[in-house]
Amino acid sequence: MSNSAKEKTKHISVVIPVFNEEENIELLYTKIKQSLDNLGKGYEIIFIDDGSTDKTPALLHQICEENSKVKAVVFRRNFGQTAAISAGFDYAKGEIIVTLDADLQN
């Protein structure tokens, strides 16, 4: 087994790029957590904050403090959704990686 395979410790990693989503972040987190808890599998939620200028980073910090299954990467400035997703993939430890938008539309 390769080193990268040994590092995969979760079943599912959910990668979510966010940018100025302070109004949606708590509801998004709650819905995702409920769905993942119901699966009965190991998981992690990785938020990639793409340089938000609102309260999104502070809210993510609070969520991470409350739940060790949640990680947040906060960019100093906006690099774009592709860079955010790529960073999420770099941090993900799941066998399955799922990406979601943070705007609650999908």
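**Sheet, helices and nonpolar cores of the predicted model**

Strand S2, which comprises residues 43–49, runs parallel to S3 and is joined to S3 by five bridges; here strands (E, at least two residues) and helices (H or I, at least four residues) are DSSP runs numbered from the N terminus, and two strands pair if DSSP finds at least two bridges between them. Within this pairing, isoleucine 45 stands opposite valine 70 in S3. The structure is a predicted model, in which local features need pLDDT of at least 70 and side-chain atom pairs count only at pLDDT 80 or more, whereas totals for chains, interfaces and linings use all residues. Residues are numbered from 1 along each chain as its sequence is written, and side-chain values use heavy atoms, with hydrogens and water left out.

Strand S1 is joined to S2 by seven bridges, and these two strands also run parallel, with isoleucine 48 in S2 as the bridge partner of proline 17. A parallel pairing of five bridges links S1 and S4, where isoleucine 12 stands opposite isoleucine 96 in S4. Taken together, the four strands form an open sheet with parallel pairing in the order S3-S2-S1-S4. Seven of the nine residues of S1 are buried, so S1 is largely enclosed by the rest of the structure, where buried means under 20% relative accessible area, exposed over 50% and partly exposed in between (1.4 Å probe, protein chains only).

Helix H2 (residues 25–39) lies across strand S1 (10–18), S2 and S3, and runs at about 160° to S2; contact means heavy atoms within 4.5 Å. Helix H3 (residues 56–66) also packs on the sheet, where H3 touches S1, S2 and S3 and its direction makes about 150° with that of S3. The buried residues of H3 are Thr56, Leu59, Leu60 and Ile63. These residues lie on the same side of H3, because they cover an arc of only 100° around the axis, the arc being that of the directions from the helix axis to the C-beta atoms. Ala58 and Glu65, on the other side of H3, are exposed, while the elements that cover the buried residues of H3 include S1, H2, S2 and S3.

The largest nonpolar core contains 17 residues, of which Ile16, Val18, Ile25, Leu28, Leu36, Ile45 and Phe47 touch the most other members; such a core is a set of buried Ala, Val, Leu, Ile, Met, Phe, Trp, Tyr and Cys residues joined through side-chain atoms within 4.5 Å. At least two residues of this core come from each of S1, H2, S2 and H3, and H2 gives the most, with five residues. When residues up to four places away in sequence are not counted, the contacts of phenylalanine 47 include Ile16, Val18, Ile25, Leu28, Tyr29, Leu60 and Val70. A second, separate core consists of eight residues, among them Ile48, Val73, Phe75 and Ala92.

One aromatic pair is counted under the rule that rings of Phe, Tyr and Trp (its six-membered ring) pair if their centres lie within 6.5 Å, with planes under 30 degrees apart counted as stacked, over 60 as edge-to-face and the rest as tilted. This pair, formed by phenylalanine 75 and phenylalanine 79, is edge-to-face, with 5.3 Å centre to centre and 90° between the planes. Phenylalanine 75 is buried at a relative accessible area of 17%, whereas phenylalanine 79 counts as partly exposed at 42% relative accessibility.

In helix H4 (residues 81–91), the buried residues are Ala84, Ala87 and Gly88, and their arc of only 100° around the axis puts them on the same side of H4. The face of H4 turned away from this buried side carries the exposed residues Thr82 and Asp90, and S1 and S2 are among what covers the buried residues of H4.

Key: Axes are lines fitted to C-alpha atoms, for helices over the stretch in contact, and angles run from 0 to 180 degrees between N-to-C directions.
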